[in-house]
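This briefing goes through one structure by topic, with the sequence and coordinates to hand. Please read the points below alongside the display.

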Amino acid sequence: MILPRTGIGIDVHAYAADEEPRPLWLGGLHWDGERGLAGHSDADPVAHAAADALFSAAGIGDLGTHFGTDRPEFAGASGVTLLAEAARIVRAAGFEIGNVAVQFVANRPKFGPRRQESQDALSAAAGAPVSVTATTSDGLGFAGRGEGISAVATALVYPSQPTGIG
C-alpha cells in the first residue's frame with residue numbers, strides 16, 4: 001500500500017528598504033517595476049513556501065535546514081533553483097511528488113495575467129504540478145499595510161516504493 005503524505009510550508013518576506021532596492025521575484029517570475037523583497041536568496045515567498053511544503057511532507061527538515069542563511073552558496077539564489085533542488089532532495093529521500101498548491105497574500109502585483117506563466121515555471125522546477133493562487137488581506141496585517149508578502153503551500157508526496165503497512 002502506498003500512503004501519501006502531506007506537508008505545509010509558510011514563507012514571509014518584508015519589502016526591501018528603499019535605500020537597498022531589490023528586484024521582485026514572485027512565483028518564479030521577475031516583476032519589472034515592482035518593489036522587491038528582502039532576503040538571503042531572491043526572497044521569492046511562493047517558491048520558498050513550495051519547497052518548505054515538500055520538505056515537510058517528506059519529513060526531512062525545512063528550508064532553513066537545507067538552504068539556511070549560514071549557507072553562503074545560496075545567497076541570492078533563485079527560488080526556482082531552490083525549488084528544483086528541494087524536489088531533487090525529496091526524491092532522493094525516497095518520495096515522488098504528487099502536487100504542490102501555493103497561495104500568497106499581497107496587495108501587488110496583479111497576479112492573474114501571469115498565473116499560468118508562474119505555474120509553468122514552478123511546475124518545471126518541481127517536476128510536478130504546482131498551482132498558485134493569490135489574495136489580498138483587505139488592508140489587514142503586514143501584507144495589507146504593504147509591508148511584505150506571505151505565502152502558504154501544501155504538498156502531497158508519496159513513497160517511491162510500497163511501505164508494506166496495511
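This is a predicted model: local features need pLDDT of at least 70, side-chain atom pairs count only at pLDDT 80 or more; totals for chains, interfaces and linings use all residues.

How do the residues of the lining of the largest pocket divide into nonpolar, polar and charged? The lining of the largest pocket has three nonpolar residues, eight polar ones and one charged one.

**The largest pocket**

- The space in the largest pocket comes to about 160 Å³, and the residues that line it are Asp11, His13, Gly39, His40, Ser41, His48, Leu63, Gly64, Phe67, Gly68, Thr69 and Leu82.
- Two elements, β1 (5-14) and α2 (63-67), are those that give two or more residues to this lining, and the largest share, three residues, is that of α2.

**The sheet**

- An open sheet is formed by four strands, which follow one another in the order β1-β6-β4-β5 with mixed pairing.
- The edges of the sheet are taken by β1 and β5 (130-135), each of which has a single partner strand, so one side of each is left without a neighbour in the sheet.
- From one strand to the next, the twist of the sheet averages 15 degrees.
- Strand β4 (residues 95-105) pairs with β5 in the parallel sense over six bridges, and within this pairing Val100 has Val130 of β5 as its bridge partner.
- The pairing of β4 with β6 is antiparallel and runs over ten bridges, with Asn99 standing opposite Leu156 in β6.
- The pairing of β1 with β6 is antiparallel and is made over ten bridges, and here the bridge partner of Ile10 is Val152 in β6.

**Helix against helix**

- Helix α1 (residues 45-58) packs with helix α3 (residues 79-92) at an angle of about 10 degrees, the two axes being 8 Å apart, which means that α1 is roughly parallel to α3.
- On the α1 side this contact is made by Ala47, His48, Ala50, Ala51, Leu54, Phe55 and Ala58, and on the α3 side by Gly79, Val80, Leu82, Leu83, Ala86, Ala87, Ile89 and Val90.
- Sorted by class, the contact of α1 with α3 holds 13 nonpolar residues, two polar residues and no charged residues.
- Two of the residues in this contact, His48 of α1 and Leu82 of α3, are also listed among the residues that line the largest pocket.
- Helices α3 and α4 pack at an angle of about 35 degrees, and their axes lie 7 Å apart.
- The contact between these two helices is made by Val80, Leu83, Ala84, Ala87 and Arg91 of α3 together with Ala121, Leu122, Ala125 and Ala126 of α4, and by class it has eight nonpolar residues, no polar residues and one charged residue.
- Val80, Leu83 and Ala87 of α3 are listed in the contact with α1 and are listed again in the contact with α4.

**Local features of the chain**

- Most residues other than glycine have a negative phi, and most peptide bonds are trans.
- Ala43, although it is not a glycine, has a positive phi of about 65 degrees, and it is found in the loop between β3 (29-35) and α1.
- The peptide bond that joins Arg108 and Pro109 is cis, with omega at about 0 degrees, and Pro109 is found in the loop between β4 and α4.
- Val105 lies in strand β4, and, with residues up to four places away in sequence left out of the count, it touches Thr135, Thr136, Ser137, Ala143, Gly148, Ile149 and Ser150.
- The C-alpha atoms of Val105 and Gly59 are separated by 26 Å, the two residues being 46 residues apart along the chain.

Technical notes. Residues are numbered from 1 along each chain as its sequence is written. Side-chain values use heavy atoms; hydrogens and water are left out. On a 1 Å grid over the protein atoms alone, a cavity is a set of points where a 1.4 Å probe fits but cannot get out, and a pocket is an open set with protein on both sides within 12 Å along at least five of seven lines; lining residues have an atom within 4 Å of a point. Grid points are joined across faces, edges and corners, and a volume is the space filled by probe spheres set on the points. Ala, Val, Leu, Ile, Met, Phe, Trp, Tyr, Cys and Pro count as nonpolar, Asp, Glu, Lys and Arg as charged, and the others, Gly among them, as polar. Axes are lines fitted to C-alpha atoms, for helices over the stretch in contact, and angles run from 0 to 180 degrees between N-to-C directions. Angles under 35 degrees count as roughly parallel, over 145 as roughly antiparallel, 65 to 115 as roughly perpendicular and the rest as oblique. Contact means heavy atoms within 4.5 Å. Two strands pair if DSSP finds at least two bridges between them.
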